[in-house]
Amino acid sequence: MARRRGAGGVSWRTVVLVLGLNALAGLLVWVGVAGIRRDLAAAGVVAGIVAALLAAPMLAVGLWTWWRRTAGPQLAPTGEEIDQAKEMLAGLVAEQWRAEAVLRSLDDPVPIPVHWRIARRADLMDHPANLTPGVLLSVSSDNIGGLVGEFRRMERRRLVVLGGPGAGKTTLAVQMVRELLASRERHGDEPVPVLVSAAGWDTVRHPRLQEWISDRLATDYPALRAPGLGSDMAAVLARRGHILPILDGLDELPPPAQAEVITALNRSLADTDQLILTSRTAEFAHALQQAGDALTSALVIEPDPLTPAVAADYLERCLPPRPAPAWERILRGLRTPVLARPVAALADLAATPLGLWLLRTVYVTPDADPAPLLDPDRFGDTPALRAHLFDHLVGSLITTRPPGEDPTEVFRPRTRHDPDQVRRWLGFLAQYLHTSGTRDLAWWQLARNTNALAPNTRIAFGAFTALAFAVLIVLLTALTGVGASMEGQIFESGSTAVVFAGIPIGFAVGILVGPAAAVAAGAWAREEPGFLNLRLRGRLTLLLRRIAVEIASGFAFASVLGTTVVFVTELPDYLSGTGSAPGERLGEALVLGGTVGLWAGPVVGIARGVVSWAETPTPETRASTPPVNWRADRALNLLRAGTSGIAVGIPTGVLFGTEYIGFAYQGGFDERLWIGLMFALVFGSVSGFVNGLVLGRHRAWFAYLAATRRLAATGRLPRRLMAFLDDAHRLGLLRAVGPIYQFRHAEMQDHLAAWYTGQASPATAGDNAGVPSAAVP
């Protein structure tokens, strides 16, 4: 439908907006002129008239908006909206894993050629009659297109990827995500593959897979919550089978939970629902045994060990065109049909992608000498060789990836780190995850799992809050005493007594506020991160709409509150016989209440509208990563604290000054103005800080601050933890799955945790042969 336009093609809505803004400006000027002329009675009347004129339309807008939001169920999204959401999600997932694949060096120079085949154990799969006949999956991961083609041939596309530690299960899952997306347009309306960590699924809270996937989509891809995509798009995509869940790491759950996931999957998957699941072989077999059932219609594949010749071919492609003589001897030994003893441990290590990655990372560098790898006395068995490589992994990556200033250089950290310090910090994190029973490093759960918000911490926060409010009350009474002194109205007991009179009042307020703040702090560690988007381009209309709605509700609330407070405070005078008639007193209360609403309504509405607008994603919002997720929650908390201070401080300061001007001393405008402004500044700062800590749904950043400061004080973690984790990710020590970090390999986490707790010793000086000195911890 075309919009109706006035003369010259100008929208009638624009004309109404301009006229309304001019009228509002004129009314505000009217109030200002009356104040400048110090005709305060007239100013109060004018303010009441303005409030009355604005109250009806603003309140009507607020009520209309509320009615529209709550009147019955929201309309289901259209097919066009669903297609738009799927294409947007596919682009976000592709961008996310393209960047992560670069950081993991999956294509540098080529994927490790792991050969995958159907599992030989019949007890790991469903009945043959429930599987697609003729699918004899036997392909190499360097031909991922062939593997995805076999997956698409299945009548029910359900695949389980098994293998031992470091076998390349997660790498294969990432490869399949990328290939499914890259070839998606050629295969019609396929679901969007989304890789998530299986360790995050709580089957008690989310009995059905689709419910959990819906929550993960809304968190990891905030763009799905954009207003233009319809209502609850993430849940719609998950419920209607438009998502291909790729659950990575079933073995990372506790054994009872693994069996519960198998049961929940069988109850959740409908006829056409698709699934890819990765797990270690032994844990998957045990989960099936405990569940008493197979994963319905799922084909199970396992890898063959890499042969020494295949490992040698891959290493040769990673080496310079003219490798060092020691490398030539190693490659020749690996290609020998009957392996000599000097490379026996090396051949066994290179049978897995993890072993090849360790060899490449530590020794395929210009300054490294791999000759010690041929010494059977130093590395006579595979565990000793693997431990040696893990011990030098951190130092090698720090040496080969110096810091860079350009954020687009994904391989370069922002800061130069000391290898020994990095090793200790990662060791603590590895042990922390081990004791927490997870592989997922979620920054917002650090306080919860380290008990950083113990009772003593919450008591300290409550005491600080109580003290802040007590000081605020005392300052208010001090300003009152100063104001009275300036006006020549010293109380009989003296202005000093006025100041000291605020101390018991402040103490009483602190007793009420402090415990409440301490209790509120206990919930921080259980809260999830929030979202914030301050991008203005293309969102100005949404911002104005949110502000208009919030101004309407803020004006109505502030007017009623101001009227009530004034009337109640004046009621004792009337009851004691010193006040005026109720009608006159009510009229004064209405005038002042309208004044409060006129001042506070717009300020509160703007503050609330800005926060509501900032929490609204757009279709252009990128997928959530740990740094993005952390920065968004931090910005949300700071914005909420700032706007809360403005919303509370400015109206209160203005009311404080108005009270002096209009009712208390009848004059002294110039002398009293600074009192209201100073009070607004002080009260706004304190109240904004405290309200930011107490109000709202997302305060994970505050819990993170409490945890990192406490752990940094004991040297277990750096103060700037997220910057360090980002550098560790850039170095290749960590990997990211949505907003969650994981160690690059589970074996790496286990090794560092054991080293940190003293079960394994770091590399000794005699074990550093061949490794660049700068890389030695």
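Leu159 stands opposite Leu299 in β7, and that is a handy way into this predicted model. The two strands involved, β3 (residues 158–163) and β7 (residues 299–303), run parallel and share 3 bridges. They belong to an open sheet of 7 strands with mixed pairing, in a protein chain that has 25 helices and 9 strands.

**The sheet**

- Reading across the sheet, the strand order is β2-β1-β7-β3-β6-β5-β4.
- The edges are taken by β2 (138–140) and β4 (192–197), each of which pairs on one side only.
- On average, neighbouring strands here are turned by 20° against each other, if you ignore direction.
- Helix α9 (residues 281–291) packs on this sheet and touches β3, β6 (275–280) and β7. The direction of α9 makes about 110° with that of β6.

**Around β1**

- Strand β1 (residues 115–118) pairs with β2 in the antiparallel sense, over 3 bridges.
- In that pairing, look for Arg117, which stands opposite Ser138 in β2.
- β1 also pairs with β7, again antiparallel and over 3 bridges.

**Aromatic pairs**

- Searching the whole structure turns up 7 aromatic pairs.
- Take Trp443 and Trp444: their ring centres are 5.8 Å apart and their planes stand at 90°, so this pair counts as edge-to-face.
- Trp443 also pairs with Tyr704, and that pair is edge-to-face too, with 5.8 Å from centre to centre and 90° between the planes.
- Which parts of the chain does the Trp443–Tyr704 pair tie together? Trp443 lies in the loop between α15 (419–436) and α16 (446–450), while Tyr704 is in helix α23 (residues 700–713), so the pair links parts that are 261 residues apart in sequence.
- Trp443, Trp444, Trp630 and Tyr704 form one aromatic cluster.

**Buried or exposed?**

- Is Trp443 buried or exposed? Its relative accessible area is 4%, so it is buried, given that the cut-off is under 20%.
- Trp444 comes out at 6% relative accessibility and therefore counts as buried as well.

**Charges over rings**

- Arg423 has its charged end over the ring of Trp755, 4.4 Å from the ring centre.
- Arg225 lies over the face of Phe531, at 5.6 Å from the centre of that ring.

**The chain as a whole**

- Of the 777 residues in the protein chain, 52% are buried.
- Among contacts with a separation of 6 or more, 79% are between residues 24 or more positions apart.
- The accessible surface comes to about 35,900 Å², and carbon and sulfur atoms account for 61% of it.

How values were computed
Residues numbered from 1 in each chain as written. Predicted model: local features only at pLDDT ≥ 70, side-chain atom pairs only at ≥ 80, totals over all residues. Heavy atoms only, no water. Helix = DSSP H or I, 4+ residues; strand = E, 2+ residues; numbered from the N terminus. Buried < 20%, exposed > 50% of the residue type's maximum accessible area, 1.4 Å probe, protein only. Contact = heavy atoms within 4.5 Å. Areas by Shrake-Rupley, 256 points an atom, 1.4 Å probe, with all protein chains shown as cover. Pairing = 2+ DSSP bridges. Axes fitted to C-alpha atoms, helices over the stretch in contact; angles between N-to-C directions. Phe/Tyr/Trp six-rings, centres within 6.5 Å; stacked < 30°, edge-to-face > 60°. Lys NZ or Arg CZ within 6 Å of the ring centre and 35° of its normal.
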